[in-house]
Amino acid sequence: SSGINAEYGVGFTVDKTPQFGVVYCPVLEDLYSARRGHGAHLNGHVIRVSGRKNFNEAMLSTYFNPSISMGLSEAKQTLLAMYSVPVYNKMSDDAKRTKREGNWQGCRGLRMGGSSATMMCHVAAGHLDAFYHEGLHIWDMAAAVAIAREAGATVTSTCVGQEFDLTLRCVVVACSENVAREIQCRTVKPPPGLFRQEPAPFES
């Protein structure tokens, strides 16, 4: 990735379960690391998730790519409805109800701050309360998932009842099970087959 939140990540998995991970952010000089069963660290210091349980107190993060599932016009309207309070206030009561039930009205805030691995590490360190995304690859997630889990994060799929799997390309990393569940219930599900399951690296 590029920009202020550029990072280099290396993860090691066994049977699709992350065993250790290292994520380095050179601009910020932040080095996140974790080994399964040995905790997570930022520049040598132990890190833990915030532990917040109320969705209305949670600061979320995601990455939005309008080219994946919608046109530019639809993407623009979606972003305006999600983030613009004046636009939201002009909507009908039915439209407001739909937006509240279908997206992120009610959380403390929604941020788009850089690479996926960096944002997951920010959740691990308690700087953010959750990160979610649909469409990531194994190499985007492996290292950061190892770090987040060791920091006490709940790592799951974006779909209720579906366990997390590195090859399914969808992830929720949250500071608590309650926040993760709220995100699962509010996430707009992608069309069937949009994100196909992919083989793990080096598997035949």
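Start by selecting residues Ser116, Ala117, Thr118, Met119, Met120, Cys121, His122, Val123 and Ala124: these residues of α5 are buried. Here buried means under 20% relative accessible area, exposed means over 50%, and partly exposed is in between, using a 1.4 Å probe and protein chains only. Helix and strand names come from DSSP runs (H or I over at least four residues for helices, E over at least two for strands), numbered from the N terminus.

Before going on, a word on what you're looking at. This is a predicted model, where local features need a pLDDT of at least 70 and side-chain atom pairs count only at pLDDT 80 or more, while totals for chains, interfaces and linings use all residues. Residues are numbered from 1 along each chain as its sequence is written, and side-chain values use heavy atoms, with hydrogens and water left out.

**Around α5**

Keep α5 on screen and show what surrounds the helix. Its buried residues pack against β2, β3 (30-35), β6, β8, α6 and β10.

**The five-stranded sheet**

Next, select β7, β6, β8, β10 and β9. In that order, they form an open sheet of five strands with mixed pairing. Two strands count as paired if DSSP finds at least two bridges between them. Which strands sit at the edges? They are β7 (109-111) and β9 (154-156), and each of them pairs on one side only. Ignoring direction, neighbouring strands in this sheet are turned by 20 degrees against each other on average. Such angles run from 0 to 180 degrees between N-to-C directions, with axes being lines fitted to C-alpha atoms (for helices, over the stretch in contact).

Bring α5 (residues 116-124) back into view. This helix packs on the sheet and touches β6, β8 and β10 (170-174), and its direction makes about 150 degrees with that of β8. Touching is judged by contact, meaning heavy atoms within 4.5 Å.

Zoom in on β6 (residues 59-62) and β8 (residues 130-134): they run parallel and are joined by three bridges. Click on Ser61 and you'll find its bridge partner in β8, Phe131. Phe131 also stands opposite Val173 in β10. β8 and β10 pair in the antiparallel sense, over five bridges. Moving on to β9, three bridges join this strand to β10, again with an antiparallel run. Val155 has Val173 of β10 as its bridge partner.

Now colour β10 by itself. Five of its five residues are buried. Cys170, Val172 and Ala174 point one way from the strand, while Val171 and Val173 point the other way.

**The nonpolar core**

Select Tyr32, Ile47, Leu60 and Ile147. These have the most contacts inside the largest nonpolar core, a group of 46 residues. A nonpolar core is a set of buried Ala, Val, Leu, Ile, Met, Phe, Trp, Tyr and Cys residues joined through side-chain atoms within 4.5 Å. Helix α6 (residues 138-150) supplies the largest share, seven residues. For a closer look, pick Ile47: leaving aside neighbours within four places in sequence, its contacts include Tyr32, Leu42, Ala124 and Ile147.

Go to Gln184 in helix α7 (residues 177-186). Is Gln184 buried or exposed? Gln184 is buried, because its relative accessible area is 9%. Its side chain reaches the backbone oxygen of Ser157 at 2.9 Å.

Then find Lys16, in the loop between β1 (8-14) and β2 (17-25). Its phi is positive, near 65 degrees, in a residue other than glycine. Lys16 has 32% relative accessibility, so it counts as partly exposed. Asn43, in the loop between β4 (40-42) and β5 (45-46), has a positive phi of about 55 degrees and isn't a glycine either.

**Last stop: colour by confidence**

pLDDT is the predictor's confidence in each residue, from 0 to 100. The chain averages 78, and 68% of the residues score at least 70. Select residues 82-92, where pLDDT stays under 50, and then residues 190-196, where pLDDT is below 50. Finally, zoom out to the whole chain, with its seven helices and ten strands; buried residues make up 45% of its 204 residues.

Definitions and conventions:
A polar contact is a pair of N or O atoms within 3.5 Å; within protein, one must be able to donate a hydrogen and the other to accept it, and residues adjacent in sequence count only if both atoms are side-chain atoms.
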